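Please read it alongside the sequence and the structure.

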Amino acid sequence: MGKYILKRLLLIIPMLIGISFILFVVMHIAPGDPTSVKYGLNPDISESARSNFNKIYGLDRPVLVQYATWLRRFFFLDFGDSFMDGRPVISKIMSRLPATLLLQASSFLVIFCVALPIGIISAVRRGGLFDRTMTVAVFIGYALPAFWLALLLIFFLGFKLQLFPVSGMVPWYAVYIGGFARAGDLLWHLVLPVFATAFGGVAALSRYSRSSMIEAMGQNYVLTARAKGLSERRVILVHALRNALLPIITIMGLTLPGLISGSFIFETIFAWPGMGRLGYEAIMNYDYPVVMGVAVISTFLTLLGIFLSDIAYAAADPRIRYETRRT
Amino acid sequence: MDEKILEIKDLTVSFGENRVIEDVSFSIKRGEVTALVGESGSGKTMTALSILDLLPDTACRRKGEILFDGKNIFDLGPEELRDMRGNAIAMVFQEPFTALNPVIRIGRQIAEAVSAHGICPRSEVRERIKESLSTVRLPEETVYQYPHELSGGMRQRVMLSMALSCDPAILILDEPTTALDVSIQKHILDLIRHIQKDRQLTVLFITHDFSVVRTIADKVCVMRRGRVVEQGAKEDVLGEPACEYTRQLIACIPVLGDKRERLPVVDG
């Protein structure tokens with residue numbers, strides 16, 4: 001098992017390099033460049049100022065050479081300085097990362113804790129009122145564009161009913177209130193962004209867990225468990241669920257990329273001071289070092305998530321365990 | 001030893017309009033091995049599942065009753081029914097490869113059966129599992145293993161030990177050797193026969209194989225298309241089958257040195 005984990009961890013490095021190369025090239029192929037944004041709108045900027053800027057940041061050299069330079073610094077976790085304000089990219093990202101992780105982790109938790117019970121109950125009471133209601137709700141959830149839902153939430157719950165704050169994470173008054181009140185305020189600010197980001201995930205995962213549970217409940221070992229005289233609760237929560245969870249673990253790992261790419265949209269909509277919004281602003285400004293930094297960190301988080309779900313799968317399914325057994 | 005422990009009366013079960021069991025009646029006496037014989041689809045397994053009231057949701061019981069110790073099991077409440085399953089009437093299924101839960105250790109799966117009925121104090125559960133494993137001649141270490149680490153024959157032994165762990169009054173064996181290869185079949189069959197003799201177990205043995213019937217059964221019950229077409233003592237049924245269908249089935253047993261190129265076709 002230890003060897004397997006190490007191997008999988010080391011595999012992340014070449015994957016990260018490969019992905020970063022593609023990102024770098026795509027970013028440079030995309031039309032426009034930093035100087036067109038920074039100086040293009042100002043007619044007083046001369047051609048020489050532009051070429052001077054390109055020279056300072058090495059943008060006049062071939063893309064491959066630029067990538068090599070970027071990669072060399074990347075190995076020392078140096079992502080360079082932002083074009084916009086000259087601050088180191090790594091410190092910009094680090095100041096934004098906690099907000100993003102908080103939002104992602106909350107969404108992830110909500111997806112798991114809401115979707116799984118929905119799936120289980122729907123599977124057990126298949127065809128019942130709850131199941132049918134949820135089927136309709138889930139397909140509506142699937143069909144709704146999440147960013148539109150986010151805007152609706154802001155309009156109705158935030159603006160019309162004034163139940164939740166419409167944007168931001170930590171308001172100006174936070175410094176004046178105590179620790180618990182501040183935490184409560186943070187949770188209160190989390191409600192709408194988490195609702196919007198988790199909605200699609202809940203819809204998808206509840207469907208997966210429903211079908212996974214239905215499949216598990218039709219297996220022979222469930223009949224065996226019943227024939228042993230176990231309570232229905234035990235049959236469902238131990239025998240069926242433990243097997244139904246296996247595919248769900250993989251699917252949970254696969255929802256991570258969606259959450260991370262979604263953060264670009266939702267952090268912008270909710271003015272959430274996270275990495276996604278930083279990345280969005282950087283893309284709009286052709287701030288190459290920041291774009292690369294955010295993209296690489298997002299890639300790393302995604303790969304890490306998939307790695308963790310693989311480990312969890314191996315831990316949950318004895319058939320693919322790599323350790324030597326105790327006998 | 002002439003006491004009826006289980007009596008099935010006029011049992012009729014259908015899937016929609018399709019009647020898979022029709023007016024089935026037979027009884028099982030204490031300490032006897034009753035063989036339920038028939039081709040695939042003749043309703044043997046559905047009859048067995050009815051005894052545990054574990055028919056699939058889509059099945060519908062039209063009429064009939066099953067008396068266990070004089071009480072109709074269809075009148076039992078859910079909790080009484082749960083306590084009956086595994087404890088009073090235990091069942092071993094045909095497919096040992098899928099009948100055990102792949103993610104739970106063997107020891108735990110047997111322990112569940114024992115502790116579900118509170119038949120012995122928690123501290124003695126371990127001892128009881130060891131005992132039931134040794135009855136089926138499996139090593140003690142099997143408790144730490146997962147089903148995928150065991151062969152088909154070993155898994156069927158586990159199923160058997162699980163069924164025996166609660167000392168059931170009736171043991172239902174649903175084609176326990178069909179999924180195994182021939183050399184293992186004989187071992188398992190010998191084991192079952194040995195345990196049956198040893199404990200004077202009451203067994204309902206479901207099979208399609210008359211050669212197995214010959215070695216193990218006291219009484220035979222032949223089913224065809226959901227109906228019991230013939231029943232009686234083994235000697236009578238095998239010696240002088242009254243029903244044409246039974247005769248055809250018996251004619252299908254290949255004998256060593258058999259020169260026939262084709263076995264007779266049974267009109268199922």
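In this predicted model, strand 7 (residues 170-174) of chain B runs parallel to strand 8 of chain B, with 5 bridges between them. Within this pairing, B:Leu171 has B:Val203 of strand 8 as its bridge partner. Strand 8 of chain B is also joined in the parallel sense to strand 3 (residues 33-37) of chain B, again by 5 bridges. Here B:Phe205 of strand 8 has B:Ala35 opposite.

Is strand 8 of chain B enclosed or open? Of its 6 residues (202-207), 6 are buried, so the strand is largely enclosed by the rest of the structure. B:Thr202, B:Leu204 and B:Ile206 point one way, while B:Val203, B:Phe205 and B:Thr207 point the other way, and all are buried.

Chain B also holds an open sheet of 4 strands with antiparallel pairing, in the order 2-1-4-5. Its edges are strand 2 (18-29) and strand 5 (71-72); each has a single partner strand, so one side of each lacks a neighbour in the sheet. Strand 1 (residues 4-15) pairs with strand 4 (residues 59-68) over 8 bridges, and B:Val13 has B:Arg61 of strand 4 as its bridge partner.

The pairings with bridge counts are listed below.

| Strands of chain B | Sense | Bridges |
|---|---|---|
| strand 7 and strand 8 | parallel | 5 bridges |
| strand 3 and strand 8 | parallel | 5 bridges |
| strand 1 and strand 4 | antiparallel | 8 bridges |

On the surface, B:Asp218, B:Glu235, B:Asp236 and B:Glu240 form a patch of negative charge. B:Asp218 lies in the loop between helix 7 (210-216) and strand 9 (219-224) of chain B. Its relative accessibility is 36%, so B:Asp218 counts as partly exposed.

Terms used
Residues are numbered from 1 along each chain as its sequence is written. Chains are lettered from A and ligands numbered from 1 in the order in which they are written. This is a predicted model: local features need pLDDT of at least 70, side-chain atom pairs count only at pLDDT 80 or more; totals for chains, interfaces and linings use all residues. Side-chain values use heavy atoms; hydrogens and water are left out. Patches are made of residues with over 30% relative accessible area and no salt bridge: like charges are joined within 9 Å, nonpolar side chains (Val, Leu, Ile, Met, Phe, Trp, Tyr) within 5 Å. Accessible areas come from the Shrake-Rupley method with a 1.4 Å probe; for residues, only the protein chains shown count as cover. A salt bridge is a side-chain nitrogen of Lys or Arg within 4 Å of a carboxyl oxygen of Asp or Glu. Lys and Arg count as positive and Asp and Glu as negative; His and the chain ends are not counted. The place of a charge is taken as NZ of Lys, CZ of Arg, CG of Asp or CD of Glu. Helices (H or I, at least four residues) and strands (E, at least two) are DSSP runs, numbered from the N terminus. Buried means under 20% relative accessible area, exposed over 50%, partly exposed in between (1.4 Å probe, protein chains only). Two strands pair if DSSP finds at least two bridges between them.
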